Amino acid sequence: DQRNSKFWFFPDISMQYNIIDYFLLPYIEVNGNYDVHSYREMYGENPFVRSDLNINPTKTRWNLAAGFRGNISSKVAFNVRAEYAKIDNQYLFVNDMSSKLHNKFTVTYDEIMRTRILGEISYKMSEKFKLGLKGNYFVYDMSHEIEAWHLPTYTVSLDASYNLENKIIARVNVYAISKRYARIDHINDKGENLPESKELKGVIDANLGLEYRITKRFSSFLDLNNIAGQRYYEWNQYANQRFNFMLGLT
């Protein structure tokens, strides 16, 4: 019934100014978005979710961003960006306390004001060696929830790759994630929910990948994950795999 239909209008404005021949470009952006989520998307992010999730769309009413990007040289590029966004129906994963072992996740929704500071720099020496460093810092102003459940305050990642004669390719990935918080619900004698926050420690992890191109059609690969063999929790109650590897052909 079109009489019950809703229409949303979002800004989509961007401006930039070339100060020094593409070596320094300040920019400003104002935009919004309406994201319709699917169970497949939720499951891909958190494989421990219930199969009967109540999935609602997320609406970014507006996102104001400003920053600088450019090139320090022909090999080095950078981007520094600050964002401030108003988001309705931001989904957050929380443990489903109605399940017997509390080992499934459901989602709760909240209206948030999100501040994000991003910095990234990349180095490219022809096609042989590439290096990238990226960091994000977040501040969440919640309307109802105590914390932004399972969302980090900061993330940092370092990625490097080296291509030897287009025959052997080595990749290194090191990343860090700040501590996060999980929601633990307690029901009192009056049937009231008294949520508490549980701290999930921060993470520093390193991974290594090697590829050997046997022919133009076949390659062998070796992936070494969590080289330090650390034990940490990406999701509450679910410890990650410690050191593991994968060997195969493509």
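Predicted model: local features only at pLDDT ≥ 70, side-chain atom pairs only at ≥ 80, totals over all residues.
Q: Is asparagine 63 buried or exposed?
A: Asparagine 63 is found in strand E3, residues 58-71. The cut-off for buried is under 20% relative accessible area. Asparagine 63 has a value of 9%, so the residue counts as buried.

Q: Which residues is asparagine 63 in contact with, leaving aside its neighbours within four places in sequence?
A: Asparagine 63 belongs to E3. Its contacts, with those neighbours left out, are Glu29, Val30, Asn31, Glu83, Tyr84 and Ala85.

Q: Which element gives the most residues to the lining of the largest pocket?
A: The largest pocket holds about 880 Å³ of space. Elements giving two or more residues to its lining include strand E2 (25-35), E3 and strand E4 (76-95). The top contributor, with 6 residues, is E4.

Q: How many residues of the lining of the largest pocket are nonpolar?
A: The lining has 35 residues, and Glu45, Tyr91, His150, Leu151 and Pro152 lie nearest the pocket centre. Of the lining residues, 5 are charged and 10 are polar. The nonpolar count is 20.

Q: What is the bridge partner of leucine 210 in E12?
A: Strand E11 (residues 203-213) and strand E12 (residues 219-225) pair antiparallel over 6 bridges. They form a hairpin, with 5 residues between them. In E12, the partner of leucine 210 is leucine 222.

Note on methods:
Residues numbered from 1 in each chain as written. Heavy atoms only, no water. Helix = DSSP H or I, 4+ residues; strand = E, 2+ residues; numbered from the N terminus. Buried < 20%, exposed > 50% of the residue type's maximum accessible area, 1.4 Å probe, protein only. Contact = heavy atoms within 4.5 Å. 1 Å grid on protein atoms, 1.4 Å probe; cavity = no way out; pocket = protein on both sides within 12 Å on 5 of 7 lines; lining within 4 Å. Points joined across faces, edges and corners; volume = space filled by probe spheres on them. Nonpolar A, V, L, I, M, F, W, Y, C, P; charged D, E, K, R; others polar. Pairing = 2+ DSSP bridges.
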